[in-house]
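Thanks for asking me to look this one over. Here are my notes, written so that you can follow them with the model open beside you.

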Amino acid sequence: MANWLRISSRTVANHIKKRMNKGFMGGAVHVNQSSGLWWGLNRGGPVSDRNGRHIDPLAWNRATFLCVQRFKSTLAEKQHDSFLSSDSDDDNQSVDFPGGKVSYTSEMSFISESSQTRVPCYRVLDDDGDLISDCDFQQVRKEVAVKMYSNMVTLQIMDNIFYEAQRQGRISFYLTSAGEEAISIASAAALSEQDIILPQYREPGVLLWRGFTLQEFADQCFGNKADYGKGRQMPIHYGSKKHNFFTISSPIATQLPQAAGIAYSLKMDNKEACVVSYIGDGGTSEGDFHAGLNFAAVMEAPVIFFCRNNGWAISTNVSEQFRSDGIVVKGRAYGIRSIRVDGNDALAVYSAVSAAREMAINEQRPILIEALTYRVGHHSTSDDSTKYRQLDEIVYWKKARNPVNRFRNWVQNIGWWSEQQETQLRNSVRKQLLEAIQVAEKTEKPPLSELFTDVYDHPPSNLEEQEKHLRETVTRHPKDYPSDISV
């Protein structure tokens, strides 16, 4: 006959886990809506609930196992054991509050709004590209270092040519990575192909590193039939399922809560991978930034939040966005391990992301990285940054703290690069890109019907009505619409 023991809901997970670890297969749980959960111990006999109804023990234990797995990452068991073991003397000095013991104090003291010294910035190379003595960094193989530098140069040339193409009216919009080339390339080099990327919009270097071709970049910017987005997105809104790179979305910071959720799914599936979500300093002012970090911390999700702090959120300086010491200190408020790194130092970024990835996967935890850098170019082709910042400031960062020149000095000083290779690379990339643009321009645009596909299995009547109205309008006013689009 079963012996019934009533226990509170907060200790159920603890008892279930102990029984599962002992191979316990019997027992029953009864849910009483007025008094919580009941635990019944059965010594090998039939399993039944409190009212005598038979329960399939295999089905019950599958449900129990899932319950244990779901709450495995919480601290409820530790908190409960701590609560039971606390003594009265210690209770006078501290309170065992959810999350851990909190000491009492008779002194009224407010936490300072900021520390007297700013969080230091991790770097490996000085401004001339020389290794700093006794620095701690991840060693880079020659082939990886050469590819990193080659990709940084390719990204630089790609930005210059596409920017000019927009100024010539050949594409509608563009946004460069000038001054921030080290961030996307070096971080991508430190990741695995299985790691999932949720970009903001200044990370084409990650795609470039993973094998996205210059032709694919051109096809997207020109919105032709070869564009994976079928011409629906603005230029630079790249995406590639093949490369685990989520399509760029214009709204700021919406990808951060999504990244936390995707990372949690990787955790539940025991994947040896993490999620990396990029964000600018301006995006940290969005509510999604705080929701994403808090969710990731509570669920212990393997995600790296990589913030490019380039000093300017379009035209808003960081001093007008927050009073905290940048972004790195925000991680601690959510219980997230964080680091500040020199975003113009490719070796420092590579080393920091390598370490962050290892911690995120092996320890199942989120990591926050703040990379200090500078947006040398305008925010986009719709912006004129000289209206809100000094030209000499831009020139200083472009020349004295250029991440491409800095990394080139390092690879060249150790004998992995030469002037001849530099000339060949730049000529080759420029030629390939100009050819890709010519092909993209000549490729047919997606048909008009593609505007209404890939959302509904069967288009609703209002969407069909809109398509019909659009076709009639194009037919009546053909000169107002591009002639190279199939109606």
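The points below go from the whole protein to single residues.

1. A word on the basis first. This is a predicted model, in which local features need pLDDT of at least 70 and side-chain atom pairs count only at pLDDT 80 or more, while totals for chains, interfaces and linings use all residues. Residues are numbered from 1 along each chain as its sequence is written, and side-chain values use heavy atoms, with hydrogens and water left out.

2. The overall picture: the protein has 16 helices and 12 strands. These are DSSP runs numbered from the N terminus (helices: H or I, at least four residues; strands: E, at least two). Of its 487 residues, 45% count as buried; buried means under 20% relative accessible area, exposed over 50%, and partly exposed in between, with a 1.4 Å probe and protein chains only. Among contacts with a separation of 6 or more, 70% join residues 24 or more positions apart, where contact means heavy atoms within 4.5 Å.

3. Now the inside. The largest nonpolar core has 77 residues, and Met-148, Phe-162, Tyr-174, Tyr-238 and Phe-407 touch the most other members. Such a core is a set of buried Ala, Val, Leu, Ile, Met, Phe, Trp, Tyr and Cys residues joined through side-chain atoms within 4.5 Å. Helix 5 (residues 142–167) gives the largest share of this core, 13 residues. Apart from this core lies another, of 26 residues, with Ala-260, Ala-297, Ala-301 and Ile-336 among them. In soluble globular proteins, nonpolar side chains tend to be buried together.

4. Please have a look at Tyr-238. At 1% relative accessibility, Tyr-238 counts as buried. Leaving aside neighbours within four places in sequence, its contacts include Tyr-174, Pro-204, Leu-207, Gln-220 and Cys-221.

5. What is the geometry of the aromatic pair that Phe-217 and Tyr-238 form? The pair is edge-to-face, with 4.9 Å centre to centre and 90 degrees between the planes. For the cut-offs, rings of Phe, Tyr and Trp (its six-membered ring) pair if their centres lie within 6.5 Å; planes under 30 degrees apart count as stacked, over 60 as edge-to-face and the rest as tilted. Phe-217 sits in helix 8 (residues 214–222) and Tyr-238 in the loop between helix 8 and helix 9 (255–268), 21 residues apart. Phe-217 has 0% relative accessibility and therefore counts as buried. Together with Phe-212 and Tyr-228, these two residues form one aromatic cluster, and the structure holds 12 aromatic pairs.

6. Next, the open sheet: 5 strands in the order 6-7-8-12-11, with parallel pairing. Two strands pair if DSSP finds at least two bridges between them. Strand 6 (196–198) and strand 11 (337–342) are at the edges with a single partner strand each, so one side of each has no neighbour in the sheet. Strand 11 pairs with strand 12 (residues 367–372) in the parallel sense over 6 bridges, and Arg-340 has Glu-370 in strand 12 as its bridge partner.

7. Finally, helix 12 (residues 346–362) lies across strand 8 (303–309), strand 11 and strand 12, running at about 155 degrees to strand 8. Here axes are lines fitted to C-alpha atoms, for helices over the stretch in contact, and angles run from 0 to 180 degrees between N-to-C directions. Ser-354 has its place in helix 12 and counts as buried at 14% relative accessibility. Not counting residues up to four places away in sequence, Ser-354 touches Gln-138 and Ala-190.
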